[in-house]
Amino acid sequence: MGLGVTLIFTQYITTRSTQKLLRSIHELQKVMITCLRKIDLGMRANARMHGWVRLDDVSPEEAAKLPEPKEYDPELRVCYFRLRKGLE
């Protein structure tokens, strides 16, 4: 009977430890998402200040139609391109 109580107690401790770890991971994920959103906002703002626009989820075909100069990353499917004068 002593072994059964020990196993239940060990399982209880393990479950609590797992829950604590999962809460910590969730909090870390929230902080990381906030940080990534801030970086994203900064990148967009910097591009706009210099007359560039960023489009997300752009196919290679769509990117080819955008005006030059442009920077396209097919892996990220992100394209930065310069606005023509008068469209800014």
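**Entry 1: the cysteines**

I started with Cys-35, which comes out partly exposed, at a relative accessible area of 41%. I note here that I am working from a predicted model. Next I looked up Cys-79, and that residue is buried, with a relative accessible area of 0%. How many disulfides does the structure hold? I found zero. For my own reference, a disulfide is a covalent bond between the sulfur atoms of two cysteines.

**Entry 2: a nonpolar patch**

Then I turned to the surface. Leu-21, Leu-22 and Ile-25 make a nonpolar patch there, about 280 Å² in area. I picked out Leu-22 and checked where it sits: it is in helix α1, which covers residues 2-49. Is Leu-22 buried or exposed? I get a relative accessible area of 51% for Leu-22, and since the cut-off for exposed is over 50%, Leu-22 counts as exposed.

**Entry 3: salt bridges, a pair in the helix**

I counted the salt bridges next, and the structure holds seven. One that I looked up joins Lys-30 to Glu-27, with the closest N and O atoms 3.2 Å apart. Why are these two about one helical turn apart? Lys-30 and Glu-27 are three residues apart in helix α1, so about one turn separates them. I also checked how open each partner is. Lys-30 is partly exposed at 42% relative accessibility, and Glu-27 is partly exposed at 41%.

**Entry 4: Asp-40 and its partners**

I then followed the shared partners, and the salt bridges join Asp-40, Arg-44, Arg-54 and Asp-56 into one network.

**Entry 5: a look around Arg-54**

I stayed with Arg-54, the strand β1 residue. Is Arg-54 buried or exposed? Its relative accessibility is 13%, and because buried means under 20%, Arg-54 counts as buried.

I listed its side-chain polar contacts as well. One joins Arg-54 to Asp-40 at 2.5 Å, and another joins Arg-54 to Asp-56 at 3.0 Å.

What else is Arg-54 in contact with, once its neighbours within four places in sequence are left aside? My list reads Asp-40, Met-43, Arg-44, Val-78, Cys-79 and Tyr-80. Cys-79 takes me back to where I began: this is the cysteine I had marked as buried, at 0%.

**Entry 6: what I am keeping**

I am keeping three notes. Leu-22, in the nonpolar patch, is exposed. Lys-30 and Glu-27 form a salt bridge within helix α1.

Notes. Residues numbered from 1 in each chain as written. Predicted model: local features only at pLDDT ≥ 70, side-chain atom pairs only at ≥ 80, totals over all residues. Heavy atoms only, no water. Patch = residues over 30% accessible without salt bridge, like charges linked within 9 Å, V, L, I, M, F, W, Y side chains within 5 Å. Areas by Shrake-Rupley, 256 points an atom, 1.4 Å probe, with all protein chains shown as cover. Salt bridge = Lys/Arg side-chain N within 4 Å of Asp/Glu carboxyl O. Helix = DSSP H or I, 4+ residues; strand = E, 2+ residues; numbered from the N terminus. Buried < 20%, exposed > 50% of the residue type's maximum accessible area, 1.4 Å probe, protein only. Disulfide = S-S within 2.5 Å. Polar contact = N/O pair within 3.5 Å; in protein donor to acceptor, adjacent residues only side chain to side chain. Contact = heavy atoms within 4.5 Å.
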